[in-house]
Amino acid sequence: MITCYVRYVIDPKKVDEFASYGRKWLPLIEKFGGKHHGYFLPSEGANNVALALFSFDSLAAYEQYRTDSMSDPECIEAYNFAE
């Protein structure tokens with residue numbers, strides 16, 4: 001198993017928008033065989049950092065997700081929302 005983390009720097013005034021973005025990815029990771037563990041915001045300290053954790057059974061499965069997600073319409077929509 002491989003667990004990945006993504007560190008986001010977010011605008012503290014756009015936490016609701018970040019939450020919408022995050023909700024888009026929860027089912028998408030699972031669609032490609034992964035397990036999304038959620039998003040984590042700090043309770044103290046910097047208020048502009050968030051982390052996401054998700055796992056795949058293997059590095060090969062993660063790499064396949066990376067390849068397949070680049071052409072998936074729902075993933076593209078999520079990427080565009082982040083822009």
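The questions below go through a predicted model, one label at a time.

Q: What makes the link between the side chains of H36 and Y39 a polar contact?
A: A polar contact needs a pair of N or O atoms within 3.5 Å. The side chains of H36 and Y39 make theirs at 3.4 Å, so the pair qualifies. The side chain of H36 also has a polar atom 3.0 Å from the backbone nitrogen of G38.

Q: Which residues does H36 touch, leaving aside its neighbours within four places in sequence?
A: They are W25, L26, I29, E30, A52, L53 and F54. Contact here means heavy atoms within 4.5 Å.

Q: W25 is on that list, so is W25 buried or exposed?
A: The relative accessible area of W25 is 4%. Because buried means under 20%, W25 counts as buried. W25 belongs to helix α1, and its side chain makes a polar contact of 3.2 Å with that of Y21.

Q: What lies around W25, not counting residues up to four places away in sequence?
A: W25 touches H36, Y39, Y65, C75, A78 and Y79. For one of these, A78, the C-alpha atom is 7.3 Å from that of W25, although the two residues are 53 apart along the chain.

Q: What makes E77 and K24 a salt bridge?
A: The cut-off is 4 Å between a side-chain nitrogen of Lys or Arg and a carboxyl oxygen of Asp or Glu. E77 and K24 meet at 3.6 Å, N to O, so they pass. Since E77 lies in helix α3 and K24 in helix α1, the pair ties together parts that are 53 residues apart in sequence.

Q: How many salt bridges does the structure hold?
A: There are three. Besides E77 with K24, K31 pairs with D72 at 2.7 Å between the closest N and O atoms, and E74 pairs with K31 at 2.6 Å. Shared partners join K31, D72 and E74 into one network.

Q: How do you know whether D72 and K31 are buried or partly exposed?
A: D72 has 10% relative accessibility, and because the limit for buried is under 20%, D72 is buried. K31, at 45%, counts as partly exposed.

Q: What lines the largest pocket?
A: Its lining is made of Y8, V9, I10, D11, K14, E17, F18, Y21, F81 and A82. By class, seven of them are nonpolar, none polar and three charged. Helix α1 gives the largest share, three residues. The space in this pocket is about 250 Å³.

Q: What is the volume of the second largest pocket, and which residues are closest to its centre?
A: The volume is about 160 Å³. Of the 13 residues lining this pocket, V6, Y8, W25, F54 and Y65 are closest to the centre. The lining divides into eleven nonpolar residues, one polar and one charged.

How values were computed
Residues numbered from 1 in each chain as written. Predicted model: local features only at pLDDT ≥ 70, side-chain atom pairs only at ≥ 80, totals over all residues. Heavy atoms only, no water. 1 Å grid on protein atoms, 1.4 Å probe; cavity = no way out; pocket = protein on both sides within 12 Å on 5 of 7 lines; lining within 4 Å. Points joined across faces, edges and corners; volume = space filled by probe spheres on them. Helix = DSSP H or I, 4+ residues; strand = E, 2+ residues; numbered from the N terminus. Nonpolar A, V, L, I, M, F, W, Y, C, P; charged D, E, K, R; others polar. Polar contact = N/O pair within 3.5 Å; in protein donor to acceptor, adjacent residues only side chain to side chain. Buried < 20%, exposed > 50% of the residue type's maximum accessible area, 1.4 Å probe, protein only.
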